Amino acid sequence: MGITDYNFNRMKTYLPTDSLCELGDQWLFVQNIPHHTFARDVCKDVVVRYESVDYLDKDSVSIVLDLNKDINNQEDYDGYKYNVVTDFGTLEHVVDYYQGFKNAYNLCKVDGVLITANPKIDNWPGHGFHTFSIEFFEELAKLSEMEIIFKGEYPACGNVTDGWEVCTELRKTKEEFPTRKDFNEKLSSLYRSNFENPGGSQIDLNIEDINKILETMK
C-alpha cells in the first residue's frame, strides 16, 4: 500500500538502526518527497543494512521470497535477522497469512520490532485477501508473547469512509512462534479473509477453505 506520512513517522522513531527488512518494495506517500521514491532511498544513510523482500525479482527488490512458504527453506534467504521488520500493506496480499506473519516474525531478531499497518475489517473493499481488527493483534501479541509498544487505527490519506488501517508496533521477546493450530483456534475469528470468485465478487472464507486453496498451490 505504500508508506504514508503517518506510518513513515512511526518507522522513523526506530531509526537509525543497524538493519531493517521491508516487506514489499514500498514507495513513500510523504509530503515534500517526490512520488515514486522508494523508502530505502530515503533511509539508506541511517540504516546499515536495508533490505526489501518481494516474490517478484525486480531492481527495487533485494531478496526474492515467497511469503506463503517457509523462508528458511528458500535459497535466497541467508538466515539473517533484523532489528526492524515493516509490513506496510504487504501481508494482507499473502494467501497464507499464518505463514506470512510467521516469516515476518522469523525475519525479526529477539528484542527487535515489527511495525504493521494493514486494512481494518470492513475497509479497503476489494484490496488484498485479509482484513483485521485491533483485537486480532492484541491476541496475536498475547499468544506469541510479543510486547505491544503501540496499537491504533488510522485513516490512510485521510479516507475516513473506508480507508482505515490497523497499526501496531510489536517487540519480539522469544524465538518460538505459535503453531498453526493454536493460531487458527485463537485468532481466526478476529480477522477476515476473502477471495474473488470467478464472477468478480468477494467471498468470505474460513480457515478450512484457505487451507484447501493452499493445498492446490503446492
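Residues are classed as buried under 20% relative accessible area, exposed over 50%, and partly exposed in between (1.4 Å probe, protein chains only). The model is predicted, so that local features need pLDDT of at least 70 and side-chain atom pairs count only at pLDDT 80 or more, while totals for chains, interfaces and linings use all residues. Residues are numbered from 1 along each chain as its sequence is written, and side-chain values use heavy atoms, with hydrogens and water left out.

The structure contains 17 salt bridges, each defined as a side-chain nitrogen of Lys or Arg within 4 Å of a carboxyl oxygen of Asp or Glu. One of them joins lysine 81 to glutamate 175, at 3.3 Å from N to O. This pair connects distant parts of the chain, 94 residues apart: lysine 81 is in the loop between S5 and S6, and glutamate 175 in the loop between strand S10 (164–171) and helix H5 (180–187). Helices (H or I, at least four residues) and strands (E, at least two) are DSSP runs, numbered from the N terminus. Lysine 81 is partly exposed, at 26% relative accessible area, and glutamate 175 is partly exposed at 34%.

A salt bridge also forms between lysine 142 and glutamate 139 (3.4 Å, N to O). Both residues lie in helix H4 (residues 134–144), three residues apart, about one turn of the helix. Lysine 142 is exposed at 59%, whereas glutamate 139 is partly exposed at 29%.

Disulfides, defined as pairs of cysteine sulfur atoms within 2.5 Å, number zero in the structure. For cysteine 21, the nearest cysteine sulfur, that of cysteine 108, is 9.6 Å away.
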